[in-house]
Amino acid sequence: MGLMRPRIPHGRGTMIALVLATVLIQIAVAVLLKELADARQGWQAWFVLILALAVGLNGVRFVIWGYTHRHYPLSHSYPLTALFFPCILLLSSWYGEPIGWQKIAGVAVIMLGLGLMTWESGDA
């Protein structure tokens, strides 16, 4: 008897959208906290507000993950979190950090691995 293929209830597109939403929220929180850490003047007035926003966004991310894990196989949804790495590379570039060929190659290898993990025979 062969292995049963896990059923994806709302389609692969919905699963990708949910995971991408969590990745984008994680990026937004990283930006908020970086901006807060880099603030030079007047940060005291915004500290509590930005920190509360970061905690709130992480709460939303937690709820989305709960829904995703309840409705999709973990082996399908969790590898998609690797989408975080190319997003962080772009964000690093935005902040003026040097991006060498090693970082680009590393992200390419991660994305190749993601492709291999999510590709299934019979999918075209």
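Q: In helix 4, which residues are buried, and against which helices do they pack?

A: The model is a predicted one, in which local features need pLDDT of at least 70 and side-chain atom pairs count only at pLDDT 80 or more, whereas totals for chains, interfaces and linings use all residues. Residues are numbered from 1 along each chain as its sequence is written, and side-chain values use heavy atoms, with hydrogens and water left out.

The chain has five helices and zero strands; helices (H or I, at least four residues) and strands (E, at least two) are DSSP runs numbered from the N terminus. Of its 124 residues, 24% count as buried. Here buried means under 20% relative accessible area, exposed over 50%, and partly exposed in between, with a 1.4 Å probe and protein chains only.

Helix 4 spans residues 84-94, and its buried residues are Phe 84, Leu 89, Leu 91 and Ser 92. Viewed down the helix axis, these residues fall within an arc of 165 degrees, so they line one face of helix 4; the arc is that of the directions from the helix axis to the C-beta atoms. Leu 90 and Trp 94 are exposed on the other side of the helix. The buried residues pack against helix 1 (12-38) and helix 5 (101-118). Just after helix 4, Gly 96 adopts a positive phi of about 85 degrees.

Helix 1, one of these packing partners, has 27 residues and reaches 39 Å from its first C-alpha to its last, close to the 39 Å expected at 1.5 Å a residue; the expected span is 1.5 Å times one less than the number of residues. Its buried residues include Met 15, Leu 18, Val 19, Val 23 and Ile 27. Val 19 has 0% relative accessibility and therefore counts as buried. Leaving aside neighbours within four places in sequence, Val 19 is in contact (heavy atoms within 4.5 Å) with Trp 65, Thr 68, Ser 77, Leu 80 and Thr 81. The C-alpha atoms of Val 19 and Leu 80 are separated by 6.6 Å, although the two residues are 61 apart along the chain.

Val 19 and Leu 80 also belong to the largest nonpolar core, which has 17 residues; together with Val 23, Ile 27 and Leu 114 they have the most contacts inside it. Such a core is a set of buried Ala, Val, Leu, Ile, Met, Phe, Trp, Tyr and Cys residues joined through side-chain atoms within 4.5 Å. Helix 1, helix 2 (43-71) and helix 4 are the elements that give two or more residues to this core, and the largest share, seven residues, comes from helix 1.

Two aromatic pairs are found in a search of the whole structure. Rings of Phe, Tyr and Trp (its six-membered ring) pair if their centres lie within 6.5 Å; planes under 30 degrees apart count as stacked, over 60 as edge-to-face and the rest as tilted. The rings of Trp 65 and Tyr 78 have centres 5.8 Å apart and planes at 40 degrees, so this pair is tilted. Trp 65 lies in helix 2 and Tyr 78 in the loop between helix 3 (74-77) and helix 4, so the pair ties together parts 13 residues apart in sequence. The rings of Phe 84 and Phe 85 have centres 5.9 Å apart and planes at 80 degrees, so this pair is edge-to-face. Phe 84 is buried at 18% relative accessibility, whereas Phe 85 is partly exposed, with a relative accessible area of 41%.
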